[in-house]
Protein chains: 2
Amino acid sequence: MAVALKDIAERVNLSVATVSRALRGRSEIAPQTRQLVQQIAEELKYRPNQLARSILSGRTGTVGVIFPHSVHCSDFCMQVLVGIHTQLGEMDCHAICLWMEELDVEKDVQLAAQIHSLVDKRVDGFIIYPALDARETYISEIIERHIPMVMVDMELSDIQSDFVGTDDFSGGYQAAAYLINLGHTRIACLAGPKMSSTAVVRKEGFLAAAAEHGLEAVIAEDSYFGSDINTTVLLTERILKSNPRPTAIFCANDPMASSVYKAARAAKLRIPEDLSVIGFADMEIARLLDPALTTVRQNPYQIGVSAAKILIERISGKNDQLKPQRIMFRPELIIRESVGIPPM
Amino acid sequence: MAVALKDIAERVNLSVATVSRALRGRSEIAPQTRQLVQQIAEELKYRPNQLARSILSGRTGTVGVIFPHSVHCSDFCMQVLVGIHTQLGEMDCHAICLWMEELDVEKDVQLAAQIHSLVDKRVDGFIIYPALDARETYISEIIERHIPMVMVDMELSDIQSDFVGTDDFSGGYQAAAYLINLGHTRIACLAGPKMSSTAVVRKEGFLAAAAEHGLEAVIAEDSYFGSDINTTVLLTERILKSNPRPTAIFCANDPMASSVYKAARAAKLRIPEDLSVIGFADMEIARLLDPALTTVRQNPYQIGVSAAKILIERISGKNDQLKPQRIMFRPELIIRESVGIPPM
DNA sequence: ATAGTATTTGTAAACTATTGCATATTTTTT
DNA sequence: AAAAAATATGCAATAGTTTACAAATACTAT
């Protein structure tokens, strides 16, 4: 078993209380006592037991982080996680990660059990990236117990909590405005699923820009969010067959854009000469696609950092009176090679 | 403050010990007492404090998981993490995740501090995915304290511990054998960095197959592992200029393969008609590339599951006498569209 | 009725660390 | 030298749970 204060106390013939104070306490301790204790502590490789401290302080310095594990957002998620991790690290805090299955409601029971378990472990708060559908069942315990909680990327309309995400409206707007300024007039939008608030808002931003510029011949289709190639490819093929054919497609997601590439190649359309494509998220594939994908870059790292910061503030109780915050980072259009002027 | 046993005890006029036993203890308790206690516990929404339990039991049901956060392996890493998470969940265990910067030695100090912190939190063990370079400094504390530890994907030669990974030799061999059987005789190998044990072993497997079939005109180049497009594209361009030009390229990594695609397009070589390409890992981009990439599929989920299993066994002390295990999953060649018969 | 057994509950110690209060020791002041 | 003040240490309570052992109660058998 690990070395405890008691072991040091026995070694140096002092009480546990004195040893505790010598190592950390601010009350006066004879200098030579302190030195002796510190020396022995080091010799025995003593490390304070955070469990005991946490019982007393009521803080564990641990937060629960709940993320979806769908492949289609893995590098976005990863970067949010790294942001969270970095910021938590500044406060000597740690993240216990749970991954949730997006489409398997069965697993909700398991997730609820896991959250129970984290509550038992007395995590100080939660950062939650809600999956596609707003199943709040598993959140109810967190709310009932008033455990601090921050939502990331996706908002659940009927839940009051801090939120950090992307200004998706602006992202959709920027993409559309860019295309329109280049002279495109027939633009399609491959939106994500209707259940996803981010996807819906991206489409709204896109449509707002289109309406503002007097475009009416806009095709907007909802689709599955992932890179389910068949679905998206088929949908794109249908769009490309419409008459007049759109000269540009805005996708709610980079993986969807890659499916558009595929459909375009099959239809013998060159990108960007015959068809311009814009993605969303700036994932790794955006750079890897050929031609490199013009896309709307989100700021996942900053989102993570910010979420962690807000959570820590909530935990420390500084802004108890503050009502829920909503922080949205403005995305940035990254211009690469997949957009050109419209043909003819 | 949260509800404790004491609160229930006061409510039902029993001792804390009796309440504890009524809720969990195996010793006999009067049925109506048990029922009453359980009812009140539920009413007060009592949840046992794991911190207190952990102090007594010496187990926290929490393990530290240390992963690199490079983008080039994000979906592989993610799947390993999900595997770990799933298996840990079976045992009501949780993972505290730390991400480490691959190339920033400065950050090692921070990482060491974080590991200290996890030791203070009394994690039961560690699962470590070592970054490119085998900097073991941060591991020393774990070893000194004999905390159970499992390595994932990459082996550190001078450290004794359990290991779970991929049979990279077989992967390299399979890829080469497949190409050779199709008639390719001039094959290049874009290996990963020399510091990466996985990359080296993949190359060895590849070269072994080549040697076995009497191929000698093999180009094998070491490179950066990531998808640093410039580096890999330039390297590929050089390889494609060699005379006679190789008819196939095996890449140690899917992102590298995507760079090969780019170089091939620039050189006006069609895939697979003029050039066959094989990747490694079967990441998401493999399906998204056009033509879809033939690649060697690893089993990240299973690796995660297995690592967690072994760690749990070590923690429970069942195989204290067992010497370090080495488990390697055999990868599988996934045939898609990027490999053809050699031209002419 | 009494002894003996079985069942149920309580007491107290354990785990580890922190902290208010009391005590013992040393130093300073008169 | 005695009193007062300052310093250093110990005691015991606290947090929340578990558990060996003791005590109390109920029940059975003689």
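The following questions and answers concern a predicted model with chains A and B and DNA strand C.

Colleague: By what turn can chain A be laid on chain B?

Modeller: The superposition has an RMSD of 0.2 Å and a shift of 0.0 Å along the axis. The two copies are thus related as by a two-fold rotation axis. The turn is 180°.

Colleague: Which residue of chain A comes closest to the rotation axis?

Modeller: The distance is taken at the C-alpha atom, and the value is 2.2 Å. The residue of chain A at that distance is A:Ile96.

Colleague: How many residues does the contact take from chain A and from chain B?

Modeller: On the side of chain A that touches chain B, the elements giving two or more residues include helix 5 (74-90), strand 2 (94-100) and helix 6 (107-120). By class, that side has 19 nonpolar, 14 polar and 11 charged residues. Of the contact residues of chain A, 100% recur in chain B. The contact takes 44 residues from chain A and 44 residues from chain B.

Colleague: Which helix gives the most to the surface near DNA strand C?

Modeller: There are 27 residues around DNA strand C, and among those that come nearest are A:Ala17 and B:Glu28. The surface divides into 15 nonpolar, seven polar and five charged residues. Helices of chain A and of chain B each supply at least two residues, including helix 1 (5-12) of chain A and helix 4 (50-57) of chain B. With four residues, the one that gives the most is helix 2 of chain A.

Colleague: Is helix 1 of chain B roughly parallel or roughly perpendicular to helix 2 of chain B?

Modeller: The two helices pack with their axes 8 Å apart, at an angle of about 105°. Angles from 65 to 115 degrees count as roughly perpendicular. Therefore helix 1 of chain B, relative to helix 2 of chain B, is roughly perpendicular.

Colleague: Which residues of helix 2 of chain B make the contact with helix 1 of chain B?

Modeller: By class, this contact has five nonpolar, one polar and one charged residues. Helix 1 of chain B brings B:Leu5, B:Lys6, B:Ile8 and B:Ala9. From helix 2 of chain B come B:Val16, B:Val19 and B:Ser20.

Colleague: Is A:Arg314 buried or exposed?

Modeller: A:Arg314 lies in helix 13 (residues 300-316) of chain A. Leaving aside neighbours within four places in sequence, A:Arg314 is in contact with A:Gly125, A:Pro148, A:Asp162 and A:Asn319. A residue is buried if 20 or more other C-beta atoms lie within 10 Å of its own. Because A:Arg314 has 22 C-beta neighbours inside 10 Å, A:Arg314 counts as buried.

Note on methods
Residues numbered from 1 in each chain as written. Chains lettered and ligands numbered in written order. Predicted model: local features only at pLDDT ≥ 70, side-chain atom pairs only at ≥ 80, totals over all residues. Least-squares fit on C-alpha atoms with pLDDT ≥ 70 in both. Contact = placed C-beta atoms within 7 Å. Near = placed C-beta within 6 Å. Nonpolar A, V, L, I, M, F, W, Y, C, P; charged D, E, K, R; others polar. Buried ≥ 20, exposed ≤ 12 C-beta atoms within 10 Å, placed from the backbone. Axes fitted to C-alpha atoms, helices over the stretch in contact; angles between N-to-C directions. Parallel < 35°, antiparallel > 145°, perpendicular 65-115°, else oblique.
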